[in-house]
Each structure stands twice: as C-alpha cells, then as structure tokens.
Amino acid sequence: MRNIIIIGNGISGVTTARHIRKHSEDHITIISAETEHFFSRTALMYIYMGHMKYESTKPYEDFFWKKNRIELVYDFVEKIDFKSKSLQLRKSESLSYDVLVLAVGSKSNKFGWPGQDLEAVQGLYSYQDLEGMERYSPTTQNAVIVGGGLIGIEMGEMFHTRGIDVTFVVRESSFWNNVLPPEESEMINRHIRKHGFKLMLSTEIDEILDDGSGRAKGVQLKEGGELDAQFVGLTVGVSPNIDFLKNSELETGKGIKVNEYFETNQPDVYAIGDCAEFEKAPADDRRPIEQVWYTGRMHGETLAQTICGTKTAYQPGIWFNSAKFLDIEYQTYGQVSNQPDDETEEHFYWEHEKGEKSIRLVFSKSDNTLKGVNLMGVRYRHEVCDKMMRDKWPMKKVFQNLKEANFDPEFFKKYENELVGMYNERYPNEQVKVGRKKVLGIF
C-alpha cells in the first residue's frame, strides 16, 4: 500500500483523490491550509451576497472523507525534501510520501505597487479573501477594483449588494479586450455603466494610499488625481502559488513544469491544476497554464489513471468556458480571438438591437469549418458546439443545424434565423432552410 499525499484541496486535488480511491486501496492524505473541507470556489460570491452559507458550498458531506478513507490534514506545507520524500509542516509532524501530487492552486497577482500590502488590499481567490471582504465591508463606502475580467466583475457585484460604490480602473482601452473581440467588449462596457459602476478605461494606478493606520484610503492614478477607496481589489489575474517551491530541485517556470502525464522532473511527483505549466501546450488552442475549474477537474481524473497504473496523457478536447458579466451570461467554445483575422477567419456576428445579446460564429477559411463560438445573453448546448467543431462540420451544415445548439428555455425568443439570414445574404447560391428543432436529433 502506497502513501499518496496531495497538497491542495481544490477541485484538482480532490478529484484526484476521489478517482484514486475508485481504483486502489492506497493510503490517501489531502493537506490544505485554506479550509478544513473542500468547497466550491466559484460560490464565494454567493456566500457574501447571502444566497448561500459556507456549509452549502461543500459538495460532499463531512462524513464523506472518513467513509472513503481520505485523510484530511489542515496545515501548511513549509518545505518539501524531494530526496527523502518528506514534507515539513507548520503545526503537524513531518509526513513521508511514496507519491506526491502538487495541486497548490493560484494566488492573486501583484505588480509591486507601493501600498499593495496594506490592509483592505486583496484579490478574490481564497476563502481568506472572502473573510477579508466581510471584515472590511462595514467600514467601506468606496471600493476601487484594479483590473477587469471575470473576478473583477464578481467583486464589484458583491460590493454593490452592500451599497458600496465601485470604480473599475482598467489599463486597457476596453473591458477585458485581451480576451473578448471589440463588439463583445464594448457591450460589457455599456452593461457595467448601466448597472451604476464607474468604469475608467486606459487608466492605471501608481500607488495605493495609506490612511495612517496601515489600511488603504485610496489610490493615486498614473494619469494624475486620486480616488477615495477604503478597499482596493486587485483583480489583474492570478499566477501559480509556487513561491515555497522556487528554490527547490523542482523545475519551475511561471508554474511547475510538467509533461503530458503531469510528471515533474522529480520522481513520483506530479503537478496539476492552476499551478501546473505544460512544457508543451496540450493542444494548439490551449495555453501552457490552464486556470479554469473544469480543466482542474479533468487534470485530476487523468492523473488518477496514471497513478493507478494506466498511464494516460492529458487530452483536453475543445476549449470552453462560461461565466456571467452581472446578468449577461457568457459562453465561449473553441478559438475566438480578441482580434479577428479577416485573412484566415470568417466571422458571423449578430447583436440584438438592445445591445445585451450577441452570437458570434467563427469559421476557418482554410477548410470552411467551425472554429469558435462566442455567446452573450444566449445559451448553446455544450455537446452540440463540441460535436460541430470536433467533427469539423462545414459552414452550411452548421447553419442548417444551428437551432439544435440553442439551450435557452422553451419560451425564450430564439435568434438563429437572423444568423441564417446573414448566411443566405452572404451566400445567395447556398441558401439554407432551417427546420424545426429536433431536440438533439443530430446525434
């Protein structure tokens, strides 16, 4: 019986433990200094907003761990001795391992701003970040959120439920335009302002100001001027949480270097989730570091196969992600660049006249097949979009079956006819007629 230790009780580490238990009788220990039990990180905002309690965000009851013989250790790993295969913990005795899985997650980025370590200056990633927001909210009238993106939107929405004024300070010329194409990014600009947030684009902070007691009182802008803020949210992305490993024998870059089997340069040591950096990106449309909930789950499922004797390479499939910008749902599938390339791609972009719904289909000009989908305020079926891209459906077949993709409720208005009309106008000799939805009949 091997002693398998997993550092990190997020989705990656816990999924690994669960799937190892399905296939082996090895002794499994999960170590975390964040919380005693695994919780849904994406639910942090709902705890703050009063929609859920922390206990309701735990996917498994507390008895689950004992029942499945998974030992939980609530402690901080200070040092790893890879030669002796042992861990030095802050409060507990040292532990030895036969197999070690590093699933240590991410931390919020900081870029050396003066005052960035003051009280009430933080990101939104960990349970401790949630506790910080709760602690400082009663004495916060104005919050400045530095950076855009999905975490910034969540933090802003959280503060708004407490009546706190929020100003976004975004370096880019449009919100999240390093990911979204221009039209979708401009839609989100409008939506943010419509909901009462202040949005300062092409703006950067120079310093976070001290109120004299060690707490933030505002920010100094590079362009001149100050903003009052009793809380400063840092939402300029996250990076692998590997500082405690930087001077060890483990090979690191931005993250912990791994191959397609999540193997590191140390024997019997693996890395998965937000902290893993692939030596070679797992697919053409994937990045070396994947910091998304569902990819962390896939990492855990794949690694468990290898640890249990079936060596399995990571095959991520078609990229997808989903989120919300306030009350606009966002979905993306495949490859949709923030800067459309007219030479290699053909785009069909439809936007509702009210400016809060849009559909973008991207086709590759080289083979005329679907390359990517962006959706705002409209929901499509994951399995349909995945099949269209995986099976390389030609453009005409995609439009003929586009209604199959729609996942909105029965009485919601559908907009696929508008897209088909765009196709027929662009290709008058290739007319498409769309029949009634067959409820996934294409499968």
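Select Glu-356 first: in this predicted model, its relative accessibility is 26%, and the residue therefore counts as partly exposed. Lys-194 is exposed, with a relative accessible area of 59%.

Lys-194 belongs to helix α6 (residues 182–194), whereas Glu-356 sits in the loop between β23 (345–351) and β24 (358–364). The pair links distant parts of the chain, 162 residues apart.

Proceed to Lys-311 and Glu-263. Their side chains meet in a salt bridge, at 3.2 Å from N to O. Lys-311 lies in the loop between α7 (293–307) and β21 (320–325), and Glu-263 in the loop between β18 (256–258) and β19, so this pair ties together parts that are 48 residues apart in sequence. Lys-311 counts as exposed at 53% relative accessibility, while Glu-263 is partly exposed at 23%.

Now select Glu-134 and Arg-162. Here the salt bridge has its closest N and O atoms 3.1 Å apart. Glu-134 is found in helix α4 (residues 127–136) and Arg-162 in the loop between α5 (149–160) and β11 (165–169); the pair therefore ties together parts that are 28 residues apart in sequence. Both partners are partly exposed: Glu-134 has a relative accessible area of 32%, and Arg-162 one of 35%.

For a further stop, select Asp-386, Lys-387, Arg-390 and Asp-391, which are linked in a network of salt bridges. Across the whole structure, a search finds 26 salt bridges.

The tour then turns to a sheet. Select strands β3, β2, β1, β7 and β19, which form an open sheet of 5 strands in that order, with parallel pairing. At its edges are β3 (70–74) and β19 (269–271), each of which pairs on one side only. From one strand to the next, the twist averages 20°.

Remain with the sheet and select helix α1 (residues 11–23). This helix packs on the sheet and touches β1 (3–7), β2 (27–32), β3 and β7. The direction of α1 makes about 170° with that of β2.

Finally, select strand β7 (residues 99–102) together with β19. The two strands run parallel and are joined by 3 bridges. Within this pairing, select Leu-100 and look across to β19: which residue stands opposite Leu-100? The residue there is Val-269.

Methods:
Residues numbered from 1 in each chain as written. Predicted model: local features only at pLDDT ≥ 70, side-chain atom pairs only at ≥ 80, totals over all residues. Heavy atoms only, no water. Pairing = 2+ DSSP bridges. Helix = DSSP H or I, 4+ residues; strand = E, 2+ residues; numbered from the N terminus. Axes fitted to C-alpha atoms, helices over the stretch in contact; angles between N-to-C directions. Contact = heavy atoms within 4.5 Å. Salt bridge = Lys/Arg side-chain N within 4 Å of Asp/Glu carboxyl O. Buried < 20%, exposed > 50% of the residue type's maximum accessible area, 1.4 Å probe, protein only.
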